[in-house]
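Below is a walk through a predicted model. Please keep the sequence and the coordinates open while reading.

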Amino acid sequence: MSPGAALARIRLNPHSRAVQRDLRNATDMHRTLMRLVPDGLGGSPRQAAGLLYRLDVTDTFSTLLVQATNLDPTRLPDDYGHADVKDLTPVLNALQKGLAVHYRIVVNPVKTERLPLENKGQRGKRIALTGPDADQWWARRAHTAGLHLTTALPTLVAAVHGSGDNSTAAVQHHLVRYDGTATVTDPDALAEAVLVGIGRAKSYGAGLLSLARAAA
């Protein structure tokens, strides 16, 4: 069985200056959330920690879901919000072939531009996918992750903004949320997808897959 993970559900305090800052800039949000995982994780600490997150927004409040191998919500800024933490191991252990589930995920559907042959060895720019192209992207990724989709409702999420490594270059990621139902086809692949996330822009709130058993 793959290593387990913890999931923190943080109901954000809209009056917190730290929350307001992080909601404006995803780079700041990522920096705040990295405080919740252990130090000394090497050159790729987010990946080493298994840190994923997703912002769920309603008309009345915003909830931040944060997942990692180990989480310490006491390291959040003061008055950031109320956090509840649960162990995801029972969820992962319950996955079995044929299980019907509800899912939610925010993804960054992109493709890499194909370059002419004379540009061999160079990488084309990444192009955001929208509409049916994004839906097909998600269906392919879900299949690889061990899910057979039965429904998939897309919701366009406001693009996330952040600053680059030099704190001056602006970055932006196109995000789409998918909600729906599916059947588990490969429990091991699905557990791995839950733990490592799906797609790009994981430092910007994409890739965290939530699952819940569908009612019989």
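The setting of S3 is an open sheet of four strands, in the order S2-S3-S1-S4, with antiparallel pairing. At the edges are strand S2, residues 52–57, and strand S4, residues 81–87, each of which pairs on one side only. On average, neighbouring strands of this sheet are turned by 20 degrees against each other, with direction ignored. Strands of a sheet pair through backbone hydrogen bonds, and the pairing can be parallel or antiparallel.

On one flank, S3 (residues 62–68) is joined to S2 by six bridges, and the two strands run antiparallel. Tyrosine 53 of the model stands opposite valine 66 in S3, and valine 57 has serine 62 in S3 as its bridge partner. S2 and S3 form a hairpin, with four residues between them. Strand S1, residues 6–12, is also joined to S3 by six bridges, and this pair runs antiparallel. Here alanine 6 has alanine 68 in S3 as its bridge partner.

Rolling a probe the size of a water molecule over the atoms shows where empty space is left. How much space lies in the largest pocket? The computed figure is about 440 Å³. Its lining comprises 24 residues, and those nearest the centre of the pocket are Leu55, Val157, Ala158, Val160 and Leu175. At least two lining residues come from each of helix H1 (17–24), helix H2 (26–34), S2, strand S9 (153–163) and strand S10 (170–184). Which element gives the most to this lining? S9 does, with seven residues. By class, the lining of the largest pocket divides into 15 nonpolar, four polar and five charged residues.

The second largest pocket has a volume of about 340 Å³. It is lined by 22 residues, of which Leu7, Arg9, Ser210, Leu211 and Ala212 are the closest to its centre. Two or more lining residues are given by each of S1, S2, S3, helix H4 (89–93), strand S5 (100–107) and strand S11 (209–213). S11 gives the most to the lining of the second largest pocket, with four residues. The classes in this lining are 12 nonpolar, five polar and five charged.

Is aspartate 179 buried or exposed? Its relative accessible area is 16%, so aspartate 179 counts as buried, the cut-off being under 20%. The side chain of aspartate 179 makes polar contacts with two arginine side chains: with that of arginine 104 at 2.5 Å, and with that of arginine 177 at 2.7 Å.

Asparagine 108 sits in the loop between S5 and strand S6, residues 110–112. Asparagine 108 counts as buried because its relative accessibility is 4%. What does the side chain of asparagine 108 reach? At 2.7 Å it reaches the backbone oxygen of histidine 174.

Glycine 131 lies in helix H5, which covers residues 131–144. With a relative accessible area of 40%, glycine 131 is partly exposed, because this class lies between the cut-offs of 20% and 50%. Glycine 131 and leucine 156 are 25 residues apart in sequence, and their C-alpha atoms are 9.6 Å apart in space. In helix H6, residues 187–196, the buried residues include Leu190, Ala191, Ala193, Val194 and Leu195. After H6 comes glycine 197, whose phi is positive, near 85 degrees.

Conventions. Residues numbered from 1 in each chain as written. Predicted model: local features only at pLDDT ≥ 70, side-chain atom pairs only at ≥ 80, totals over all residues. Heavy atoms only, no water. Pairing = 2+ DSSP bridges. Axes fitted to C-alpha atoms, helices over the stretch in contact; angles between N-to-C directions. 1 Å grid on protein atoms, 1.4 Å probe; cavity = no way out; pocket = protein on both sides within 12 Å on 5 of 7 lines; lining within 4 Å. Points joined across faces, edges and corners; volume = space filled by probe spheres on them. Nonpolar A, V, L, I, M, F, W, Y, C, P; charged D, E, K, R; others polar. Buried < 20%, exposed > 50% of the residue type's maximum accessible area, 1.4 Å probe, protein only. Polar contact = N/O pair within 3.5 Å; in protein donor to acceptor, adjacent residues only side chain to side chain.
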